[in-house]
Amino acid sequence: MPRGRLRVYLGSAPGVGKTYAMLSEGRRTVERGKDVVVGLVETHDRPRTAELLDDLELIPRRTMTHRDTRFTELDVDAVIARAPAIALIDELAHTNVPGSRNVKRWQDIEEILDAGIDVISTVNIQHLESVNDVVQAITGVPQRETVPDEVVRRADQVELVDMAPEALRRRMAHGNVYAPEKVDAALSNYFRVGNLTALRELALLWVAGKVDEQLDRYRAEHGIAGTWEARERVVVALTGGPEGDVLVRRAARIAARSKGADLLAVHVTRADGLAGGDPASLLRQRTLVEDMGGSYHQVVGHDIPQALLDFAGGVNATQLVLGSSRRGRLAQVFSRGVGVETTARSGTIDVHMVTHPGARRGWARGNPRAALTRARRIGGWALALLGLPALSALLHPIRDALALPSEILLFLLLVVSVALVGGMWPAVTAAVFGFLLLNYFFTPPVNQFTVADPENLLALCVYVLVAIMVSMVVDVAARRTREAARAAADAEVLSTLAGHVLRGDAALPSLLGRLREMFGLSSVTLLERVESSSPDDWSDPAAWRIVVTSGGEPATCPSVAETDVIIEEGLVLAARGRLLDAADRRILEAFAAEAAVALRQERLAEKARQAGPLAEADRMRTALLAAVSHDLRTPLASAKAAVESLGNTAIHWSQEDHAELLATAEESLAKLDRLIANLLDMSRLQAGVLGVSVQRVALDEVVPRAIDDLGPLSGRIRAEVSIELPEIMADPPLLERVLVNLMSNAVRYSPPGAPVLVTASWHDEQVEIRVIDRGPGIPPDAHERVFLPFQRLGDRDNHTGVGLGLALSRGLTEAMGGTLSPDETPGGGLTLILALPIAARVT
C-alpha cells in the first residue's frame, strides 16, 4: 500500500488562519468529489472557523481520563478503520494526554500516513524545534510543545499562512482570535508588532530554506548542472592573503544590491594539505564574513579553479568574486593563474576580478630556504665546494680502473647528498661544478675542457640534467617533509587552542597564559587604545590601556614589545621575552584573533548581565500592569457596589441584607489588601530590600493564625501539627503569609468536599510543613514554572488572581533560609513542601 501524502499549513503566528485554510481546502476537496473526514479540529470557539465544519464528516474523538479529568484526543484507529482519502487533523505539534499510544500527535499522523491515507495538518512556526529557543528569546514565552523540523520538511507540501502584524492585531481587537477579556493582555505581550514581525520573518526564512532544498533536489534528480538564478548568491574566494578583507567587503556590496541575496566565502585548501593561507588572516576574514551575514566554507582540491567552480555550482551561485593575481608578469607567462582559468571555465557564473593593493606584487612568502637552518645551508655549500674536489682527488689515482659511467654515478651520488643537506641551489651548483671536473679530469682527452667522443658528451649532459632534476625532487621532498612537520606542530597548537575554547576556558587570562607558556614568553598583554589618543601614537603608554596581561612585566604600549599583532583598530596583542619568527607569528595571530573574540564575548556577557535585571523589571512591570488591571478592578467593584448599596437611602435594607453587604465589602477589601501586600512584597523581593527578622518560632502557634487569616476558607483546612515539634528559625509574619498563600492556593484547586491537609514533620536539621490538596495536580515538567510570577495552573484565564502567590511564597521562604518545592500527592493532587531549619537547642 502506498504511503499517504502529508500537506502542512504553516502559520507565522497564532490566529493567522491556518485552521481556517485547512478546513476551506477540505470543503473544496469535498466539492471535487473526494472522500474527506475531519479527524480532529480545534476551533478555539471561533465562529467562522466552526461554520466550516458544517457538511464535513467528523470522526468521534477518543475520551481519556487523567487525574480525574476527562480529555479528548484523536482516535487513530477510528480514522484508519474509516479509511478516507484525506483526513484533516489540526495541531501537528500537540502533546497527547499521558497514557496515549503515542506521545505526540505527529506520531499519530505517521501511523495514518502509513495506512495510505493523505493528511492535511497545521502547525505554527514557534512549535518547530529548530527555532523554539529563538522564539522564546523574541517573545519571552517558552513553547512546551514542539515538533522536529524533519517531520515538516518531509511533508509533500508546505503552505505558508501569513498575515501582516497590523492585520492580525486588528483581528484580535475585533474578537476573532481570543475572548474579549484576553485581548488586552495578548496585544500588550505576545502579539506586539515587533514580535509578530520577527515570527513572520522566521516563517518566511524557514519556508525559503525548504524551497531551496526542493530546488536542489530537483536539479540533482534531473542532472541540471547550470545555474538557475532564482536568487542571487555571491561567492567570494579567499586565499588567506591581506586582500581578503577588500574582497569580502566588495562581495558584500554586490550581494546588498539584490534583496535577499546570499553571501558565501570559500577557501580552497590544496589536496596535499601543506600549502595554504595564513590561518590568522582566514580566521579574521571568517569573522568579517559572518558579521556581514554571510557564511564561511572550506573545501579541498588540487585544481583550485575547478574546486572554486564546483563549489559555486553546488550552491547554485550566480556570481564569483576573485582577487587580481599577485603573481608578476613573468610568472603569468608560464601560467595563466587562478583568476584567468576560473573566468575561462566559469560558464554562466559571472566572475568579478577585484583589484587590490597587493596585485602583481608577488607573494610575500619570503625566502623559500627559510625553512632550512643557516647551518644546513652552509653545510650544503661546503659539501658542494669541498666535497667535489675531494671526490675528484680520490678518484684521480684510479681513473684508469673505472669507466666514465661509474665516475658519473659517484658524482651524482654526491650531488644528491648536497641536495639533502643544503637544498636545491647548492646541489645545482654542485651538478655544474661536477660537470666541469668530470670533463677536465675523467673524460678523454683529460686535462682539457674538450670531449673527443660525442657519446661521452651526451653522458655528461645527461648527468647534469639528471643531477639537477634529482636535486629538485630531493629538495622538494625534503622541504615538504619539513613543511609537514611544521604544519603538524601548527595543527597541534591550533587544536590546543580549539580545545581550550570548546572546554569553555575562553577567559582571557587563561588564554594568554597558555600562549605565554607555549612560546616561552615573559609576558603577553592585550592593549586597547584610549579613545582620546591619536591613532599614530604607538610609543606613549598613556595612549594605551591594559585590558588583561599574563606573566611578568607587561608591555605598556606596542612599541616596547618584541612582537605585536594588530587585531583590529585600537586593539593590539603585545608579547615580550623574545622575537618570534614568521611561522610562530602566524600562530600568535590566531591566538590574538581568539583573544579578541573572548574579549567581545566577555563584554557582551557583562552587558547582558547588566541588562538582565532591567529586562526582568520591565517584564515584571508589563505583566503587572496587564494582570492587575483586572484583579484590582473586580474586588474594588464589589466593594464599591456594596458600599453604594448601603449608602442608598431610597432602599430599606433588612438586617440580614445589611450584614451581607458589609461582609461582601469586607471580603472584597480583604482581597485588595492581600493583593496589594503581595505586590509590595514581590517588589521588595525583586529590589532586594525586603526586611527579614529571623527568630525562634513555634509552629503550632503560627499555623492556627494562618488558618484564621483565610476567613471563610478556613473551614476547608485540616491541620495536623504536633506540639512536640522543635522550634524553627523564621520570620513569624512572613511565615504566616507564606502559609496563607499556600493554603489558599490548595483550596482553590481542591474539589468541593475534599479538605486541604496541613502536616509537619521533623527530618534531620529541618522541619517540613506539607500542604496537601486533592486537585488536578501539576505535570512534573511544569513544577518549576508555577513558581514564576504571573503564572497559574494552566494559564487559561485571568480571573483567579495575578499569580503571585507561589512565586512570592518561594521568595519569602528563601529569604528566611528555607526551601519550597512541589511534589505529587499519592492518588492525585499537589503537595507543597515548606522546609525551614530548626532552632539551636539551649542546653
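Mentor: The expected span of a helix is 1.5 Å times one less than its number of residues. The model discussed here is predicted.

Trainee: What distance does helix H24 reach from its first C-alpha to its last?

Mentor: Helix H24 covers residues 732–749, which gives 18 residues. At 1.5 Å a residue, 26 Å is expected. The distance in the model is close to that, at 26 Å.

Trainee: Why is H24 described as largely enclosed by the rest of the structure?

Mentor: Buried means under 20% relative accessible area. H24 is largely enclosed because, of its 18 residues, the number buried is 14.

Trainee: How far apart are the end C-alpha atoms of residues 408–437?

Mentor: The unreviewed UniProt entry annotates residues 408–437 as "transmembrane region", along with 378–396 and 457–478. For residues 378–396, the span is 95% helix and its end C-alpha atoms lie 27 Å apart. Residues 408–437 are 97% helix and 0% strand, with end C-alpha atoms separated by 10 Å.

Trainee: How many aromatic pairs are there, by centres within 6.5 Å?

Mentor: Ring pairs join Phe411, Tyr440, Phe441 and Phe442 into a cluster. With the cut-off of 6.5 Å between ring centres, the count of aromatic pairs is three.

Trainee: Is the pair of Phe411 and Phe442 stacked or edge-to-face?

Mentor: Phe411 sits in helix H16 (residues 404–422) and Phe442 in helix H17 (residues 424–442), 31 residues apart, so the pair links distant parts of the chain. Both Phe411 and Phe442 are buried. Their ring centres are 6.0 Å apart and the planes stand at 65°, so the pair is edge-to-face.

Note on methods: Residues are numbered from 1 along each chain as its sequence is written. This is a predicted model: local features need pLDDT of at least 70, side-chain atom pairs count only at pLDDT 80 or more; totals for chains, interfaces and linings use all residues. Side-chain values use heavy atoms; hydrogens and water are left out. Helices (H or I, at least four residues) and strands (E, at least two) are DSSP runs, numbered from the N terminus. Buried means under 20% relative accessible area, exposed over 50%, partly exposed in between (1.4 Å probe, protein chains only). UniProt positions are given in the numbering used here, feature names are shortened, and annotations may be inferred rather than shown by experiment. Rings of Phe, Tyr and Trp (its six-membered ring) pair if their centres lie within 6.5 Å; planes under 30 degrees apart count as stacked, over 60 as edge-to-face and the rest as tilted.
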